Amino acid sequence: MDKESISGLLLAGGRGTRMGHVDKGLQPFGGSTMAAHVLARLAPQVAMLAVNANRNLDTYAAFGVPVWPDDTPGFAGPLAGLEAGLRRCTTPLLLTAPCDSPFLPADLAARLLEGLQRDDADLAVAVTEENGLRQPHPVFCLVKTSLAPVLSGYLAAGGRRMDGWYPQIKVAEVLFEDADAFRNINTREELQQLDTARAPRLADVVSCLSSYDPEALPVRDAQRIIREFVTPVRATEQVALRAALGRVLAADVISPINVPAYDNSAMDGYALRGSDLLSDAPVRLAVAGTTYAGRAFDGQPQPGQCVRIMTGGVMPAGCDSVVPQEFVQVDGDAIVLAPGVIRPGDNRRLAGEDLKAGSAALKAGRVIRPADLGLCASLGFAEIPVQRRLRVAFFSTGDELRSIGETLDEGCVYDSNRYTIYGMLARLGCEIIDMGVVRDSPEALEEALRTACENADAIITSGGVSVGAADYTKQVMAELGDVTFWKIGMRPGRPLAFGRVSSNGRSAFLFGLPGNPVAVMVSFYFFAREALLRMMGAEAPLPLLRARSIEAIRKKPGRTEYQRGIVARGADGEPEVRITGSQGSGILRSMSEANCMVVLHDGQGSVAAGEMVDILPFEGLF
């Protein structure tokens, strides 16, 4: 099982008595609401989301997820919400979290699922140790949806305790180290205090790693830290359908109609009653009329009759099957078909077969493609909600850099990185702020970072983060925010800075990339790209494929290597790849020649000719 087997349910059905009878989930927090923060933390962990609420249903529905009220009459607490979720959930497992715990663990689903499978249990519950005592958190649980009847029986008997039905099922306890992650906010004063004082820190995320070493950080650990630290930008907007291409969908597109809207024919032929078919003899049917797409047959054929029908035509009343025209013999005003040519129900498309009214045609977080525009148009949508474009500022650092058009003095080079970064950001559909070249001085760097974070959601820099960089880089970034410097176990692109910087009440996530041209591209695609898409509200992991290596590739285990390659179809029709040649991190020409990146993972050694390797195709990415 994986996250596709899990639905997430936000429990927001309480009465809000400690918040002045105002829903906790709708209380302002961190620039949005508590419910929005919990949903954002749950979204990457599950296949779909829903909210359990008993009032303000339209407000919760604006988050773009289904809203499920309690089924049990009277106030039955979070158990009633769990019951509503189990009854409606379409996946085998349901994960619950309360609306007043915006710091829930980013690996909650994965660890509860591991515990559920390890103990072959029906329900897994989060547990922490506080002052030497184990503290269960039953509202943070992963439960099999097949247990709905058991829970309903407990509620019908008057049970109300969240853990009161545990004796009837098998429960696995999963220990979490960070007790604060399960902290719920009960009062307005506590909410205000946390809203101003508690922002996610890199130290919080790093603490989840058992062996964190910034001087030798594996690629997967750096990717995990970045993934868990960045947060989505919540602002959305309605745009005209044609303007939505390449944008990130902000809410599910719910079909207002059945698609198709009526039973119709899948091909040109004759609509008939399945009961008229014979298994051992030919059938002769009189043709009662014709129906076209957009022009239905007026009337109802009788037994022994059929109707000439075109593809997409409405099935006449009483007819449930279509025989293709090439399978019949026309005999005047009748047709004859042999036994066994079709079966009852063949070649009929049922109303709602593609989409049922009220179901999600497209899910939030999807990057809109051309086919999606057509789908939305087929449902009658002229506008759809999308995430606001992500604003990204970028600049290069170094006294040796010159912009195109400037004199190239001795020892200087033209700044190619800004053009590469511009192209990569443009492919992601970002709103781009090019800040040029920043000279090697603490004053210039501080001014650039302040300007960038006051005007953008994210900042990309190139150069200035390697071992030989001036000491002021770390000093300036540390003064402006929460930034860490890593040496990644990879080639090319070992140095990387990541964190968040702030100025005048505004903040932005920072990605400090190395200065070598190829290392810039590798670092962007394997670290910054996924994070920027996550900030946009999208989940788009890199599409690694498999190909056969034409030649041997030398590599030592212990670090991840990204080598430029050329993939083509071999003599047997299967993809095969070869390395472009010299893999120096300053050889930008090799990136233009290549059409893929060969990914050699940290535990992998040398590759023999004919061995399969992972590749990242450039088409559609670069």
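A nonpolar core, as I use the term, is a set of buried Ala, Val, Leu, Ile, Met, Phe, Trp, Tyr and Cys residues joined through side-chain atoms within 4.5 Å. Buried means under 20% relative accessible area, exposed over 50%, and partly exposed in between (1.4 Å probe, protein chains only).

**Ground rules.** I am working on a predicted model, where local features need pLDDT of at least 70 and side-chain atom pairs count only at pLDDT 80 or more, while totals for chains, interfaces and linings use all residues. Residues are numbered from 1 along each chain as its sequence is written, and side-chain values use heavy atoms, with hydrogens and water left out.

**Overall.** I looked up the chain totals. Of 622 residues, 49% count as buried. I find 14 helices and 35 strands; these are DSSP runs numbered from the N terminus (helices H or I, at least four residues; strands E, at least two). The C-alpha atoms fill a box of roughly 90 × 70 × 45 Å along the principal axes.

**Cores.** I looked up the largest nonpolar core. It has 53 residues, and those with the most contacts inside it are Ile460, Phe511, Phe524 and Leu532. Helix α13 (residues 517–535) gives the largest share, 13 residues. A second, separate core has 35 residues, including Val38 and Leu93.

I then checked the neighbours of Ile460. Leaving out residues up to four places away in sequence, Ile460 touches Val392, Ala393, Phe394, Phe395, Ile421, Phe511, Leu513, Phe524, Ala528 and Leu532. Contact here means heavy atoms within 4.5 Å.

**Valine 239.** I found this residue in strand β10 (residues 236–240). Val239 counts as buried because its relative accessibility is 10%. Its C-alpha atom is separated by 7.1 Å from that of Val386, 147 residues apart along the chain. Beyond four places in sequence, Val239 touches Ala244, Arg247, Ala382, Glu383, Ile384 and Val386.

**Leucine 408.** I looked for this residue and found it in the loop between β23 (401–402) and β24 (413–414). Leu408 counts as partly exposed because its relative accessibility is 39%.

**Cysteines.** I searched the whole structure for disulfides and got zero. The cut-off is a pair of cysteine sulfur atoms within 2.5 Å. Cys453 is buried, with a relative accessible area of 0%. I also checked Cys376, which is buried at 1%.
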